[in-house]
Amino acid sequence: MEHYFQPEIECASREQIIELQNERLVKQVRHVYDNVEYYRKKMDEKGVTPEDIKSIDDLHKLPFLTKDDLRDAYPYGLVAVPLSDCVRIQSTSGTTGRRVVAFYTQHDIDLWDECCARAIVAVGGTKEDVVHVSYGYGLFTGGPGLNGGSHKVGSLTLPMSSGNTDRQIQFMTDLGSTILCCTPSYAAYLGESINERGLKDQIKLKAGIFGAEAWTQEMRRDIEKSLGIKAYDIYGLTEISGPGVSFECSEQTGMHINEDHFIAEIIDPNTGEVLPEGEKGELVFTSITKEAFPLLRYRTRDICVLSRKKCSCGRTHVKMSKPMGRSDDMLIVKGVNVFPSQIETVLLNKGYAANYQIIVDRVNNSDTLEVQVEMTPEMFSDSVTEVAVKEKELVNALKAMLGIYAKVKLVAPKTIARSEGKAVRIIDNRHLY
Ligand code: DLL
């Protein structure tokens, strides 16, 4: 039997959802216009006033927001309440220009937790469950989001955070974890480690909630087999709150977007034109209940398809497909957002030229990142020790910038193939989309 955390809203009629969205959108546009100078200017430039927005049919009149706007307005320019009303920030890794810093009031956190609670209940979670959260805690939204959702459900929450696989497995077996929350690649790795140790019959897991990075149906099958569970997808982004913007139900054919909080549109990434339902394009969100950091028409850069086909789970909220790619060059490696420009900044700061290649792969279910960099003729050396020292220096600088390990291979000048058009900087051998 299907269970819901908030059945009255998760299964509301289309008319009820639209009515709620209309009312909340009008209020939100007014809130943003009155309190966010940055967005007010954008609306003024486009010649739109809050009075022009009477319902969701007028949404297309509003200007888009992009990551560049977040950079321009960093750090406080998009905050819509007095800072004294904010209780939390969450953030992504990266340099100032690429880092996302999102703000929350206590009310925002409560609603975010409810979104995550919906996801937990959708996979069968109840207050009898032991929810094992192995997403990172701290600035990353994964740990705090699922932790808050688990509390709302009333489950026993294990705030494991990421890493230390031995300890993860020990807690899992000793405390009888029943629902695992982590990135799909870590789930696959845990599955492998549990089987290698011959401990599969000692774990009580029944379901997993996996997201923050792309994963394929094959990977789903592998994880389900190795851990003996059902594996569900969850999607979200820091800008819009974190995990729980959408989540999978028992049908496992896409993720229901929490439409009482987020209005979704699909646009043509090149023209910005809104596309009809069922067409593939870039996902755009308007958060209609956020108080502190209410983004209107935020371009996610995630490419996907929306569907309003009736779902057998009884939920009525629109479903999004798994993201099928990005309309920018962001990579997600080990759940961490990596922009080639961050890597380039490190290389240029260390005196290298922009002749490099980023090679991403997945080995034993774990992402690997390698940066091949040409030495300049001045720094070229065939002393193995000297090269090793230089490589180590870059590994450290990249770790400081990205927060994850990247293998560095220095190569002789002019060995990286030059391109006549756009340089081919990224070779992604994972083929996730
Ligand atoms: O990854 C939030 C999250 C945490 C989602 C835990 C799910 C679970 P960011 O670090 O801001 O936030 O990265 C957001 O990650 O725009 C997508 O490109 C990608 N992403 C998130 N979930 C999925 C997913 C968190 N289920 C960016 N499938 C998004 C594919 C995903 N990509």
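**Close-up views of a predicted model**

View 1. The C-alpha centres of domain 1 and domain 2 lie 31 Å apart. The domain assignment places domain 1 at 1–328 and domain 2 at 331–428; such bounds come from an automatic or database assignment. Domain 1 gives 17 residues to the contact, and domain 2 gives 14 residues. Contact means heavy atoms within 4.5 Å. The model is predicted: local features need pLDDT of at least 70, side-chain atom pairs count only at pLDDT 80 or more, and totals for chains, interfaces and linings use all residues. Residues are numbered from 1 along each chain as its sequence is written, and side-chain values use heavy atoms, leaving out hydrogens and water.

**View 2. Helices α2 and α3.** Helix α2 (residues 14–35) packs against helix α3 (residues 37–46) at about 105 degrees, with the axes 6 Å apart. Helices are DSSP runs (H or I, at least four residues), numbered from the N terminus. Axes are lines fitted to C-alpha atoms over the stretch in contact, and angles run from 0 to 180 degrees between N-to-C directions. The angle makes α2 roughly perpendicular to α3 (65 to 115 degrees). From α2, the contact uses Val29, Val32, Tyr33, Asp34 and Asn35; from α3, Glu37, Tyr39, Arg40, Met43 and Asp44.

**View 3. Two nonpolar cores.** The largest nonpolar core has 51 residues, and Leu283 and Phe285 have the most contacts inside it. A core is a set of buried Ala, Val, Leu, Ile, Met, Phe, Trp, Tyr and Cys residues joined through side-chain atoms within 4.5 Å. Buried means under 20% relative accessible area (1.4 Å probe, protein chains only). A second, separate core has 27 residues, including Val371 and Leu410.

How values were computed:
Helix = DSSP H or I, 4+ residues; strand = E, 2+ residues; numbered from the N terminus. Parallel < 35°, antiparallel > 145°, perpendicular 65-115°, else oblique. Buried < 20%, exposed > 50% of the residue type's maximum accessible area, 1.4 Å probe, protein only.
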